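Could you walk me through this model in my viewer, one selection at a time? I would like to know what to click on next and what I will find there.

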Amino acid sequence: MMNNIRLASLLACSLLATACGSDSNNSNDGGEIAPPPVDTAIDIDKATSIQVELIGFEGVSGALSFNLSDNEQQAITQAKDYKIIYFGFPEQSGKINNPKGWQRWHLTNSYSCNNQEKQCEGILTESETKGNYTFEAPDLDWSRGDSDGVVTRYKVAIEIKGALSSNEVALLPPL
């Protein structure tokens, strides 16, 4: 009987010791406690350089998504002033036999915003992800001046303006 009591006591103590050992693990299961991420964003009016990275472009509707950053790869926030020009080109194979017969070799539609004068065309929206923007051109009309649906290729030029700089304008997507 004494052996049974000792065996029961020994078993109970070992179960308690095992259970207590798992609670005293302060190592975060081997992982480190990560500090909060460093805010790597800069206000557009403090940025001394502006880089535009085109993420998405739908030529017919003009829907754009792009990222803004400076030379140090900091996300640029609070962008408001812009000039966005859409270009529509005919099919590259030369659907038009006489290009001079078509008044223009391309069509353009422009949108701009001067936030100080409160004159903005189109809708520029900054997403929750810092430095990520979308642009909508609600009244984009490719039929104006188009000769029987000749426009089949689309490009865009984006200029973002800050107090200290603006980006280098390029025709996107690249040729």
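Start by selecting Cys120, which is partly exposed because its relative accessibility is 40%; here buried means under 20% relative accessible area, exposed over 50%, and partly exposed in between, with a 1.4 Å probe and protein chains only. Before you click on, note that this is a predicted model, where local features need pLDDT of at least 70, side-chain atom pairs count only at pLDDT 80 or more, and totals for chains, interfaces and linings use all residues. Residues are numbered from 1 along each chain as its sequence is written, and side-chain values use heavy atoms, with hydrogens and water left out.

A disulfide (a pair of cysteine sulfur atoms within 2.5 Å) links Cys113 and Cys120, with an S to S distance of 1.8 Å. Searching the whole structure turns up one disulfide. Cys113 counts as buried because its relative accessibility is 6%.

Next, show the strands as a cartoon; strands are DSSP runs (E, at least two residues), numbered from the N terminus. Look for an open sheet of five strands in the order S7-S6-S5-S10-S11, with antiparallel pairing. Its edge strands, S7 (119-120) and S11 (171-172), each pair on one side only. Two strands pair if DSSP finds at least two bridges between them. Highlight S5 (residues 81-90) and S10 (residues 151-161): ten bridges join them in the antiparallel sense.

Is Tyr86 buried or exposed? Tyr86 is buried, because its relative accessibility is 0%. A polar atom of the Tyr86 side chain lies 2.5 Å from the backbone oxygen of Gly62.

Tyr86 also leads you into the largest nonpolar core: of its 25 residues, Tyr86, Phe135 and Ile160 touch the most other members. Such a core is a set of buried Ala, Val, Leu, Ile, Met, Phe, Trp, Tyr and Cys residues joined through side-chain atoms within 4.5 Å. S10 gives the largest share of this core, four residues.

Click Ile160 next. Setting aside residues up to four places away in sequence, its contacts (heavy atoms within 4.5 Å) include Ile44, Phe66, Leu68 and Tyr82.

Finish at Thr77, in strand S4 (residues 75-77). Thr77 counts as buried because its relative accessibility is 13%. Beyond neighbours within four places in sequence, Thr77 is in contact with residues including Ile44, Glu126 and Tyr133.

Note on methods:
Polar contact = N/O pair within 3.5 Å; in protein donor to acceptor, adjacent residues only side chain to side chain.
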